[in-house]
Amino acid sequence: MANMLKPTSAFSHLDPLSTPSLSVAPREDLTMASFAAGKDQVQAVMATIKSAYGVDLPRRPARVSGKGIAFVWAGPDQWLAVAERGANRDMERELKSLLSAMASVVDQSDGRVVVRVSGPLSRQVLAKGIPIDLHPRAFGANAAAITHASHIGVIMWQLEDASTFELAMFRSYADSFAHWLIETAEATLPATA
Amino acid sequence: MARTKEAPRRDPLQPQRLVDRGIVDHRRTIEFTFDGVTYKGHPGDTVASALLANGVMLAGRSFKYHRPRGILSAGSEEPSALLELRDGARREPNTKATTAELFDGLVAKSQNRWPSLDFDVMSINSLLSKVFVAGFYYKTFMWPAALWEKLYEPAIRRAAGLGRASDAADPDVYEKTTAHTDVLIIGGGPAGLMAALAAAQSGKRVILVDEQAALGGRAIDDGSIIDGRPAREWVRSVEAELASRPDVTILRRTTVFGTYDGGTYGALERVNDHVAVPQKHQPRQRLWRIVAKRAVLATGATERPIVFGDNDRPGVMLAGAVRTYINRFGVVPGDRVVVFANNDYAVSTVTDLINAGANVVAIVDSRPKPSEAISRIASSAGTKLLSGAVVTRALGKKRVTGALIRTQSGAEVRLFCDLIAVSGGWNPNIQLSTHVGGKPLWNDDLLCFLPGSLPPGMLLAGAVAGNFSLPKALGSGADAGATAVANGTKSVSIPVPKAAEDSVRIAPLWRVEDHSGKAFVDFQNDVTDTDVELAEREGFRAVEHLKRYTTLGMATDQGRTANVNALAIMADITGRTIPQTGMTLARPPYVPVAVGALAGHHRGKSFKPTRLPPSYKWAKEQGAVCVETGLWLRPSYFPRPGEKDWLDTVKREVNTVRNAVGICDVSTLGKVDVQGKDAAAFLERVYMNNLKSLAIGKARYGGMLREDGILFDDGTVARFAENQYFITTTTANAVRALQHMEYCAQWLWPELDVQIISATEQWAQYAVAGPKSRELLRKIVDPEFDISDAGFPYLQVGEITVCGGVKARLFRLSFSGERAYEIGVPARYGDALMRQLWEAGREFGACAYGTEALGVMRIEKGHISGPELNGTTTPRDVGLGGMVSKTKDFVGRTLGTRPGIVDPERPQLIGFRPVDRSVRLRSGAHFLAKGANPTAANDEGYMTSVAYSPSNGHWIGLGFLKHGPERVGEIVRAYDPVRGGDTLVEVVKPVFVDPEGARVRG
């Protein structure tokens, strides 16, 4: 029997914005999973991830990216794995088979939604809702933080690119977040006569 | 200095405007109206400078006495020239004419006058001033108290008060932002600019904030010469250098209004106050939260008036303001001027006035012996110098026409003039240094308070530190900027530009003794020197009492021109020194801040975020009426055509669930994934009931206690694998329950191997409840999964697939008391699954139901919810005493055995139904024994939840009643004085439907 359920976007009115100075787009093509190392298993988890993906899991708020996958620090001994879903990639399944006895793995592909904000104005826009220091010297390539944006809890990270950020939040906040982001983007973009 | 040979040229359309002075844009002329009359001004003007350019000095009427008031100052300290600006929805009262920038088409009105500014009926208050003295609120209208609210207060409010706010919603948008910086420099005058230059050398992050549209501060106001060129050219070159540095941010039109803990500062940027209407989407104002490692306070100083008779007459102006109008705006505020001072600032005032073509009638210097500088200027200008003299009274009503002067010998001299330029010395603007508790220190040489202890990370530069002369201001700015970025001892130094040294000698004079007329100390709140004396006589001698008794310093200007004079007068009459008398500390905000700016984006529906459940869109299509539960917006009920009210709808929904099947979105319940080798041991310690025996593939109801033994939260615990549990919490406690478990895992029992991860939003979860629920689900659940009662009995859980392979979870749980399931799919499929359920449910007569029907059915079953889980109840109180394990340890066990917690007199959960079945019950009603008086002593408990039960055909209730379970069958009184309810109710078992509980098992 073919799957009769079609996925729907969590955003009911986020029109992607694309200007030379600022772009905003939801990323609905991701598969994500949280994983937390079991007691005394951190080194084993790190070694397993290293051998599977060639990256060292960060022990402090930061992001690392390997081939087709990124890991974001999400708490002590806890990370969020992020990859593109592509045809049928399932992060939870993938990590469970790798880390079975070492870590607990929980699917977050639907629990969180991700928005990408990029362009030269991105820092200025984000500073209007996020209290932490976003200056490139304080929050640069692959930086990550657990903070809030417009009163909504987020995990955010910067990609290698100096002005591209991704923010993950609980799905139910998607519309409120988008409303704030678009209103703030409009107020920050140069005025149109 | 020689008198200028030729008087400077004036603009024929603006009689007091010099065509070649100041930094306004003389090439462009714009128009504005004041009280309906059209005037001309230039871009760069404030409303005050433009009014003065047109010869308008009368700006408004005062707060209490309705006295005519003019323009005292040229900055944000202005107490008098408060106007209503703009009209319609943008009308804003009490705007300082001295800070409001002029724009083309600006509409300004004077305030607090009727019918006109020129003739104001309420100025009769001035004749009643014996009545309206300090403390008159408390004394005059003491009796009878009943008349206060009805008569006195409205009458006083009409007579006093200032402008009118617009009644319409504010059409503008506001925004908030955060900036982090290495150095924040507060004030863009000569000291602040030098500090910025020095700090910028380091390449560190620098934010320079200035209140005005143009940088330069008093260097522009005073028309200073810096490095041999006019200040404005020097400022321009500094600005250019700062602008070339990528990590320097300059915020103009921005006031730092508060110092907060941890190097945090609040600032308000008036982004679009200087235009009629902001461009589309552009904010009117922006609130900045600035987090700074170091801050340089370079806020300058505010000039003090001198307290003398009728010193509030339009035309009495601070000397520094006179210079500002001349040098910054090219406006001569008066043509015949008396300069009255106790310090050498009079010297440059006289110079500027003469250069601007004004006639200085006399210099009235209160110091008996003239300073060298004063003598020199008097002789070079050919101006009369009256040393040891004072102005005792300003003459004229709506405009100064002269000054009454008492000379050193005591003779009275009357001089004609249209302007009295006053300088009583300068008060450093130390407010931001005191917001977090810094105590100011009195300086006897400079006669002013200087910052004492400073907030961590704050440095001083310029006049705020008492460096009143320009060379000192420039030098201290360079030092402060360098120090702010220094690493240990290494600091950069930059060349300090040259400027002429000014004499700042001063001798005390706060008020003129034996004056006639009213002498104002606080202009905005109409507090006079006699009010200060009255406060002293009545015992309000402490500064905090003086302030509150007289309202001194409590207006929107925070008494910036008033406080020190008042203090000095109090010190004088009590025979104490000023430091002995004390000083009130300032609180934020330094300038008024619009509530809109504090709210930013978060107003109206955006006040807080809204969380939408997965089926929200579908529910709205179905016409659902939604209710806010915390941040969630949940369907409350789904009305259908022909239903007359919500109760009609809810009855149908309940009946449908009890007789067929209903579907309800329960995704909002907190969901937590608990894994690890010690997951079972962990949950045993967190929950009060036994979970050890919970088999894989089963779920069980569970309750958590707080450490103090009070019931905290309830929900279900499902076991999916040996070391994997999935628990639910109430919607309201989802976050707190997760925090509680994290606390337990990380802090109480770090030795346990357990990982806790929130999965609330991963799953769209729907209750499918009713006798036909299994038949409905059979059409959704993929055929290979057995959901027969044998294969999937009550309290079974399982991982399944639905609709052709979508991973899902099925739980056989029931809140309604019917055969029921909860089915969960990844949230992105939530909308689609709801639509599939709806289609599949058609043949079973399914309905969607919301929180109302959910609530009715749980009350019918006696299940507890928020009203019973109210943070004051124990497991025994809510009828769950039997669940509490006696064989294990868990959070809340020990303190749950305290006498007060196990007291048998504690009211316990029981059911109620009205004796007269037609009567409606009300939650909140208190129970009394039949015939008992309604007193607290006789109180036996209260009703927590009520509902109209369609299954019973009458209202039912749950509540806490003393010895409730033993009193089934008894009649008690439900007494509800708040809503006038007084009903007899019968105590019944708290289960109103299917008491045997057979239906849940099918």
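What distance separates the centres of domain 1 of chain A and domain 2 of chain A, taken over C-alpha atoms? The answer is 22 Å. This is a predicted model, in which local features need pLDDT of at least 70 and side-chain atom pairs count only at pLDDT 80 or more, while totals for chains, interfaces and linings use all residues. Residues are numbered from 1 along each chain as its sequence is written, and chains are lettered from A and ligands numbered from 1 in the order in which they are written.

Start with chain A. Its domain 1 covers 22-28 + 112-188, and its domain 2 covers 30-107. Such bounds come from an automatic or database domain assignment. Between these domains, 10 residues of domain 1 of chain A are in contact with 10 residues of domain 2 of chain A. Contact here requires C-beta atoms, placed from the backbone, to lie within 7 Å.

Look at the side of domain 1 of chain A that touches domain 2 of chain A. Strands β8 (112-118), β9 (144-149) and β10 (152-158) of chain A each supply at least two residues of this side. The most comes from β9(A), with three residues. Helices (H or I, at least four residues) and strands (E, at least two) are DSSP runs, numbered from the N terminus. By class, this side has seven nonpolar, one polar and two charged residues. Nonpolar means Ala, Val, Leu, Ile, Met, Phe, Trp, Tyr, Cys and Pro; charged means Asp, Glu, Lys and Arg; the others, Gly among them, are polar.

Now cross to chain B. In contact here are 45 residues of chain B and 43 residues of chain A. On the chain B side, β10 (174-186), β36 (670-675), β40 (755-758) and α22 (830-841) each supply at least two residues. β10(B) gives the largest share, six residues. The side of chain B that touches chain A has 15 nonpolar, 16 polar and 14 charged residues.

Chain B itself is divided into domain 1 (10-123), domain 2 (174-301 + 428-485), domain 3 (616-668 + 762-857), domain 4 (670-758) and domain 5 (904-1001). The centres of domain 1 of chain B and domain 3 of chain B are 66 Å apart, over C-alpha atoms.

Finish at a single residue. Ala619(B) sits in helix α17 (residues 616-621) of chain B. Why is Ala619(B) classed as buried? Because 24 other C-beta atoms lie within 10 Å. The cut-offs, for C-beta atoms placed from the backbone, are 20 or more within 10 Å for buried, 12 or fewer for exposed, and in between for partly exposed. Leaving aside neighbours within four places in sequence, Ala619(B) is in contact with Ala624(B), Pro635(B) and Ala848(B). Ser636(B) is 17 residues from Ala619(B) in sequence and 10.0 Å away in space, C-alpha to C-alpha.

Conventions: Two residues are in contact if their C-beta atoms, placed from the backbone, lie within 7 Å.
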